[in-house]
2 protein chains.
Amino acid sequence: MKEILRPTTLIESARLNAALGLDVVLASETFQHTGSFKFRAAYFVASRIPQQILIAASSGNFGQALAYACRLLGKQCTIVMPQDSARVKVDAVREHGGRVELVDTRRKTRKERVMELAAEMPEAYVASAYDDPLVIDGNATLGIELATCNKRFDCVVAPVGGGGLISGLIAGFRQSDVKMRIFGAEPLLGNDAARSLRAGHIVASETEVPTIADGARTSSIGTSNWALIREGVTSIVEVPEKTIIEGVRLLFSAANLKAEPTGGLAIGALLAAPEVFRELKVCCVISGGNVDPELYAQILREEIKT
Amino acid sequence: MKEILRPTTLIESARLNAALGLDVVLASETFQHTGSFKFRAAYFVASRIPQQILIAASSGNFGQALAYACRLLGKQCTIVMPQDSARVKVDAVREHGGRVELVDTRRKTRKERVMELAAEMPEAYVASAYDDPLVIDGNATLGIELATCNKRFDCVVAPVGGGGLISGLIAGFRQSDVKMRIFGAEPLLGNDAARSLRAGHIVASETEVPTIADGARTSSIGTSNWALIREGVTSIVEVPEKTIIEGVRLLFSAANLKAEPTGGLAIGALLAAPEVFRELKVCCVISGGNVDPELYAQILREEIKT
């Protein structure tokens, strides 16, 4: 496992620190296999189950990661993706040998389509992108890396979609016996995790929300994730769409880092709620870098209306 | 010295390898202090001379690096830059506390302006961005890193402008007692180094050429560099403008790496002369990442006419 994974890339930039008025270290998963942290969990799951065929719903990065993990392990997978997924993500799944099923999410949820496929293929394993103890263990490898790296910080900020990443971080720091404040960064438009924390139980959005952070469009965090999040997360910052975009632009201009919109969430959280992070040395997890060139050009030119 | 420098970032990507049909490892200097390899030499020079004031000509990255190195060391510098330098590079020099002198290179060379300033400030050290044994020693730190890293490759491909980077690589591999084939990647539009290798002596272009690779606009390699290049470089690949741009786009789409045009030269060389690299495992040096968002958006949208 450890030999397959790429260590996260730690980046510091004087210009980024000056722009934010904070001391920041980036933990970038954009150079992980298949360009996002999702490979950690995908490989962990695919290598630990006996099944040869896997089915999963994914807004893209988990699908890509699972397809590549299955190729490395000689297994097969089918990925159910929303019809409006970033083109690069659909192409990448196919390039890695995965089969793609596109679904119009206004008519049928991805979950419904996964269940139909599972009925057709009873020998297959249905893999969740986040709500699975194996996924949390896979993502915990990042928490362990951060807990044992040679950088010092007071807190970690990570994007929240289904909750797989942040619950993995919590688990990883626990396994390393390191106390750490962990903050979530969630799109304001799809703030089900923040609402869940306030309510004290899982709150689901009625539909998947059209946030630009396409890795955080899931309508609800998972139950395995919630068990860790409710106790382990300090708070969740809700980031407006324009601030997510500003985060992506700042990573480009001040740190030379290409991030996808979901990857801009953690920096967006620092911009949206500076008072929360004052005086703290912050580690921001940049979850992935897979973004269409056209969308990225729009972000750089500030052409997106929010 | 070693504690100040950031180690180069080694990146591998299955998609990049598939696109190139080659086994490639990227050595990215885009996350070095100030976003390019130039900081290695700048800090080396500024920390080893007794003078408190430095003057240098720079298309941008060396200026930025020298300004930041001088700030860290409590020294001062003036950077002479072409009027059409990338805006981000001019801003960055100023942000790091450097003084900028813009010069219209159609009327006066940067060198002439540097000489005028040197006459006005006799106590200052005139720093060359490439033609100086201290610069070569500074850049040699990258060669040493590559010679002693845990990746295996058969050759290194690096951009050639003034020749400071590639001569430093040659010096670094020599100091490490590691034999390595080293290829240059130079814009076809400004191919003075390739012509020099063919002629057996330094050939200079009459003016600075308007290649998109603004780090390689220098009209001639330096004499200290030439001494190493003539013996240590296997060959220099001349890369057309459109192939430089293709290299930048490929790094974006297949490796999630933001590179400036000069940083796209090494991948451009693989695209321009695949027959040279067939069957070789290649290490490509990505020299820097500082590029204006507007120019980068044009590159992503293929809007640039060459």
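Which residue of chain B comes closest to the rotation axis?

A: This is a predicted model, in which local features need pLDDT of at least 70 and side-chain atom pairs count only at pLDDT 80 or more, while totals for chains, interfaces and linings use all residues. Residues are numbered from 1 along each chain as its sequence is written, chains are lettered from A and ligands numbered from 1 in the order in which they are written, and side-chain values use heavy atoms, with hydrogens and water left out.

The residue of chain B that comes closest to the rotation axis is B:A297, with its C-alpha at 2.3 Å. The axis is that of a rotation of 180° with 0.0 Å of shift along it, which superposes chain B on chain A with an RMSD of 0.0 Å (least squares on the C-alpha atoms of residues with pLDDT of at least 70 in both copies). The two copies are thus related as by a two-fold rotation axis. The same surface serves both: 100% of the contact residues of chain B recur in chain A.

Across the interface, 32 residues of chain B are in contact with 32 residues of chain A, contact being heavy atoms within 4.5 Å. The chains bury about 2,600 Å² between them, 53% of it on carbon and sulfur atoms; buried area is the accessible area (1.4 Å probe) lost when the two parts are put together, summed over both. B:R15, B:N256 and B:R301 supply 29% of the area that chain B buries against chain A, more than any other three residues.

Six salt bridges are counted between the chains, each a side-chain nitrogen of Lys or Arg within 4 Å of a carboxyl oxygen of Asp or Glu. The side chains of A:R301 and B:E303 meet in a salt bridge, at 2.9 Å from N to O.

As for elements (helices are DSSP runs of H or I with at least four residues, strands runs of E with at least two, numbered from the N terminus), β1 (9–11), α1 (14–20), α4 (87–95), α10 (241–255) and α13 (293–300) of chain B each supply at least two residues of the side that touches chain A. The largest share of that side, six residues, comes from α13(B). By class, the side of chain B that touches chain A has 14 nonpolar, nine polar and nine charged residues (nonpolar: Ala, Val, Leu, Ile, Met, Phe, Trp, Tyr, Cys and Pro; charged: Asp, Glu, Lys and Arg; polar: the others, Gly among them).
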